[in-house]
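Keep the model open while reading.

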Amino acid sequence: MNLEKALVWFRRDLRDHDHAALYAALNQAPAVYCAFVFDSEILAALPSPDDRRVHFIHESLKELDAALAKRGGGLIVRHGNPLEVIPRLARELDVSAVFANRDYEPYAKTRDSIVSAHLGNYGIGFHLYKDQVIFAGDEVLTQAGKPFSVFTPYKNAWLKRLSATDCAPYASASRELGETALAGVPTLPEIGFAPTDLAALGIRPGMSGADRQWTDFRNNCIGRYGEQRDFPAIDGSSHLSVHLRFGTISIRQLVRAALVLEADVWLNELIWRDFYFMILDRFPHVATGAFKTEFSAIQWYDWPEGFAAWCAGQTGYPLVDAAMRQLKQRGWMHNRLRMLVASFLTKDLGINWRLGEKYFADQLIDFDLAANNGGWQWAASTGCDAQPYFRIFNPVTQSEKFDRDGKFIRQFVPELATVPNRHIHAPWRMSEQEQRGLGVIIGCDYPNPIVDHAQARVDTLARYTAIRKATSP
């Protein structure tokens, strides 16, 4: 391919190094321009103008613009519908082709198909590259040539296929970028949004933030990740999910490091990420319904009050409530707790997993459709390789096991701060005298359990069993 000028369209890949599309463009065109579009369709659907994700993207774009400026160019940032913006910008810059990294979400695939057609009408090429995964959906298949639907055999095939080339970085080209007066990042108010509390939360956007977070995790936590990852009171998580989501760090860099450091448990989590991207890509119906379509017939409860109590962290189950309050306050939740609260919503409260999925999508700074959908369907037993329907997390025993001393509970449910360890996981079991002595009256200072777990388990088994009987041959 011999091009005169090219445009690189940044999306969820906000870095200027180890970047597949940028590498390809720089090696095929003497002049390369770079752009990002704040998609007005996506922004209009966000629940609030003080969205932490938009703030994270905005700060990351400013850093990316500065990095590109050092290479002779800059970042052109637009706000609008990319179906119109990208073809118009490509013509304005008189480029021969647009380069971008492939996105696997249904909306993005449709968007890219339309943009490609519009560009083609003007004789402009559109080239997509693999960048956000190690293996795309059609690269790791069963012996029958079909996509996997169970994680463990997928992981084994993934590891068997992996070579040094698959996670090698894309070299930084020395060629300078095309200079343009169009470059620049608008302010947040100019696109209808406002700054948030990212700094107060310790969230550092951009490539530099990703590098510092990765360095902290590598030096302090990765060696004990397998032992500490399930305990929310211990800061043993990588906190790199938001950086992977917006591409301020490369998945290839992290996989290489996991292999060198023999961090097998953490590598397993990175493979899960590829797995869920593969599922979304090859089975796009999961974005709107159950992977196992027979489970679409589950009878969910219409219980707005129960859903509201779950969202507010007022269910009467301390670890569930602490987790939901962590999500609301920080836009993040510990992975063990994501499983617990999802199980609680679907199998204790009997509420449709789609409502929980949507609530997480609105709240999580690291929201990623593939992982979020996969996790919710796993918990609800409607997805691929899902938790068996008869395995239902007990919120009390989970609390006793993973927050034994109640440290995490007391951090996010301060009204239980005086409750001793023996009662912190099930405070309703305290006598009235004990409650008065501690100044914590259950049903007043902290709610009674919204459901009885034992009875909810019986009801859930009956609902799922009915589906299995109805669909059995």
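The second largest cavity has a volume of about 50 Å³. A cavity is a set of points on a 1 Å grid over the protein atoms alone where a 1.4 Å probe fits but cannot get out. A volume is the space filled by probe spheres set on the points, which are joined across faces, edges and corners. This is a predicted model: local features need pLDDT of at least 70, side-chain atom pairs count only at pLDDT 80 or more, and totals for chains, interfaces and linings use all residues. Residues are numbered from 1 along each chain as its sequence is written, and side-chain values use heavy atoms, without hydrogens and water.

**Second largest cavity**
- Its lining (residues with an atom within 4 Å of a point) includes R12, D13, D131 and R273.
- The lining residues divide into 3 nonpolar, 3 polar and 5 charged.
- Asp, Glu, Lys and Arg count as charged; Ala, Val, Leu, Ile, Met, Phe, Trp, Tyr, Cys and Pro as nonpolar; the others, Gly among them, as polar.

**Largest cavity**
- The largest cavity has a volume of about 80 Å³.
- Its lining has 7 nonpolar, 4 polar and no charged residues.
- Helix 16 gives the largest share of that lining, 4 residues. Helices are DSSP runs (H or I, at least four residues), numbered from the N terminus.

**Nonpolar core**
- W158, W266 and W310 touch the most other members of the largest nonpolar core, which has 96 residues.
- Such a core joins buried (under 20% relative accessible area, 1.4 Å probe, protein chains only) Ala, Val, Leu, Ile, Met, Phe, Trp, Tyr and Cys residues through side-chain atoms within 4.5 Å.

Key: 1 Å grid on protein atoms, 1.4 Å probe; cavity = no way out; pocket = protein on both sides within 12 Å on 5 of 7 lines; lining within 4 Å. Helix = DSSP H or I, 4+ residues; strand = E, 2+ residues; numbered from the N terminus. Buried < 20%, exposed > 50% of the residue type's maximum accessible area, 1.4 Å probe, protein only.
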